[in-house]
Amino acid sequence: MTISVGDKVPSASVWNKNADGIDKIDFAEFCAGKTVAFFAVPGAFTPTCQEQHFPSYKENAQKLRDQGVDVIACMSVNDPFVMKAWGDLLDPEGDIMMLADGLGELANGVGLTIDASGVGLGQRAARFSMLIKDGVVASLHVEEAGAYEASAAEVMLKDL
C-alpha cells in the first residue's frame, strides 16, 4: 500500500555514512519532531538524479531552511558508501543528508518502488518527494516512470 498525505512514516532502517562510521537510523524516529524535506531517487550517479533532481535541492537548500525545514534528506536504494561518495561529489558542504536504503526497506515501507531490472538496477525507489512534519506526511509528489518535475525542490517550496 502506498503511503498518503496524513499517514505516519514507517519505522524502517536506513543508513548514513559519516566520518565516525555508518549509523543505522530508524526513519520514523529520525522524522519525529522535525520538518523534513525528503526526496528519493532511483539511483546515485544516474543522469536525471545527478543532473536535475539532487541539484534542485542543493540550489534551494537555504530557501527550504528559511521556510522551516530542519533537515533535507536524499534517499536511494544504494549502499551507504555509494551515497556518501555521491554526496561528497554534489554537496561537499553537507547541506543534504544522504540516506542509504540498501535493502529497500523504506522504499517498500512507503510502497514506492520500481523495477529497474531492464537497465540492470533491480528493485529501486521510485522518484518522489515528501514533506514530513513531525513524522506525518504533509505533502507527497510521485513521478510517473521516466519523469522529473513534480518532485523538484521548487514544488516542495510551494508546499511550505
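These legends go with several close-up views of one predicted protein model. Residues are counted from 1 along each chain as its sequence is written, and side-chain values use heavy atoms, with hydrogens and water left out. Because the model is predicted, local features need pLDDT of at least 70 and side-chain atom pairs count only at pLDDT 80 or more, while totals for chains, interfaces and linings use all residues.

**View 1. The whole protein, before zooming in.**
The secondary structure comes to six helices and nine strands; helices (H or I, at least four residues) and strands (E, at least two) are DSSP runs, numbered from the N terminus. The C-alpha atoms fill a box of roughly 40 × 35 × 30 Å along the principal axes. With 160 residues, a compact globule would have a radius of gyration near 15 Å, and the 14 Å of this protein agrees with that. That radius is taken over C-alpha atoms, and the globule rule is 2.2 Å times the number of residues to the power 0.38. Of the 160 residues, 48% count as buried; buried means under 20% relative accessible area, exposed over 50%, and partly exposed in between (1.4 Å probe, protein chains only). Among contacts (heavy atoms within 4.5 Å) between residues at least 6 apart in sequence, 67% join residues at least 24 apart.

**View 2. Strand β8 and its two partners.**
Strand β8 covers residues 128–133 and is mostly tucked away, with five of its six residues buried. It pairs with β3 (residues 35–41) in the antiparallel sense over six bridges; two strands pair if DSSP finds at least two bridges between them. Here Ala 37 stands opposite Leu 131 in β8. β8 also pairs with β9 in the antiparallel sense, over six bridges, and there Ser 129 faces His 141 in β9.

**View 3. The turn at Asp 134.**
What do β8 and β9 form together? They make a hairpin with two residues between them. Asp 134 sits in the loop between β8 and β9, and has a positive phi of about 50° although it is not a glycine. At 52% relative accessibility, Asp 134 counts as exposed.

**View 4. Phe 45, another residue with a positive phi.**
Phe 45 has a positive phi of about 70°, and it is not a glycine. Look for Phe 45 in the loop between β3 and α2 (47–59). Its relative accessibility is 42%, so Phe 45 counts as partly exposed.

Is Ser 151 buried or exposed? Ser 151 has a relative accessible area of 0%, so it counts as buried. This serine belongs to the loop between β9 (136–142) and α6 (153–159). Leaving aside neighbours within four places in sequence, Ser 151 is in contact with His 53, Tyr 57, Arg 127, Phe 128, Ser 129, His 141 and Glu 143.

**View 5. Ser 4, in the segment before β1.**
Ser 4 is placed ahead of β1 (13–18), and at 34% relative accessibility it counts as partly exposed. Not counting residues up to four places away in sequence, Ser 4 touches Val 137 and Leu 140. Glu 29 is 25 residues from Ser 4 in sequence, and the two are 19 Å apart in space, C-alpha to C-alpha.
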